[in-house]
Amino acid sequence: MFKKIFGLTMLLVLIGIVIGNFIDHRNENKTNETEDSDTYLYDVTGDTNVKGGAIAPAESVGIEQGKLAPDFELDTLDGEQFKLSDLQGKKVILNFWATWCPPCREEMPGMQQYYEENQDEVVVVAVNLTDKDTSEQAVRNFIDEYGFTYPIPLDRDGDIAKEYGVIVVPTTYFIGTDGIVQQPRVAGPLEYDYMTEMVNALN
């Protein structure tokens, strides 16, 4: 009789442990999903322990406001050479993105509209993190599908993203006519009105 009671008690304890572990695991997944949706950013460092905006404080990485935007040369999808310093005298929205990033895909049509309506004053440049993207062909297919016409330089080695401290995508810098980063960098998708506000604040 004692053995039966003991066995039944142990069985109930084991069932309780299994149920408890299941509930804990489910709650953890919900927390992670909430964090992901709140930050709406995608880690490009490969560190799976890091969540979007929690990677580092905004002030600890990237090019600081008031600093000269580092010059770079990259090939574009059209096979032409793109050089940032060639845009001196124009305002620049410098964006870093990848095709697998949903918020990047969400913001790009608005960037296209903004570029079409304001390209005499501002140039939108969308640097693709090609070394971390699915493939160069995937980038080409995406651009062709949606008809984006602003420059798409290809950061094949990831060197430019590193220099600009890009650890989440999308990341955007606002550069004035003097080549200086004049606004704090933005980690997250841009909306049309926000682009207007930031560009209007540039000299």
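Predicted model: local features only at pLDDT ≥ 70, side-chain atom pairs only at ≥ 80, totals over all residues.
**Entry: overall layout**

I then listed the secondary structure of the protein chain, which comes to five helices and eight strands. Read from the N terminus on, the elements follow the order α-β-β-β-β-α-β-α-α-β-β-β-α.

**Entry: strand S4**

I turned to strand S4, residues 91-97, and asked how many of its residues are buried. I found that seven of its seven residues are buried, and the strand is recorded as mostly covered. In a regular strand the side chains alternate between the two faces of the sheet.

**Entry: neighbours of S4**

I checked which strands pair with S4. Strand S5, residues 122-128, pairs with S4 in the parallel sense over seven bridges. Within this pairing I located Lys91 opposite Val122 of S5. I traced the chain from S4 through H2 to S5 and found this β-α-β crossover to be right-handed. Strand S7, residues 171-175, runs antiparallel to S4 and is joined to S4 by five bridges. There I found Phe174 of S7 as the bridge partner of Ile93.

**Entry: helix H2**

I compared the length of helix H2, residues 102-118, with expectation. At 1.5 Å a residue, its 17 residues should span 24 Å; the end C-alpha atoms are 25 Å apart, which agrees. I also looked for a bend and found one of about 30° at Met108, with a proline, Pro109, following within four residues.

Which residues of H2 are buried? I recorded Pro103, Cys104, Glu107, Met108, Met111, Gln112, Tyr114, Tyr115 and Asn118. Met108, the site of the bend, is thus among the buried residues of the helix. For reading such a list, I kept in mind that an α-helix has 3.6 residues a turn, so residues three or four places apart point the same way.

**Entry: largest pocket**

I looked up the largest pocket and noted a volume of about 230 Å³. Of the 14 residues that line the pocket, Thr76, Leu77, Asp78, Tyr150 and Ile152 are the closest to its centre. I then asked which elements give two or more residues to the lining, and found strand S3 (81-83) and helix H3 (136-146). H3 gives the most, with three residues.

Terms used. Residues numbered from 1 in each chain as written. Heavy atoms only, no water. Expected span 1.5 Å × (residues − 1). Bend = angle between axes of the 7 residues up to and from the residue. Buried < 20%, exposed > 50% of the residue type's maximum accessible area, 1.4 Å probe, protein only. Pairing = 2+ DSSP bridges. Right-handed = clockwise from strand over helix to strand, strands pointing away. 1 Å grid on protein atoms, 1.4 Å probe; cavity = no way out; pocket = protein on both sides within 12 Å on 5 of 7 lines; lining within 4 Å. Points joined across faces, edges and corners; volume = space filled by probe spheres on them.
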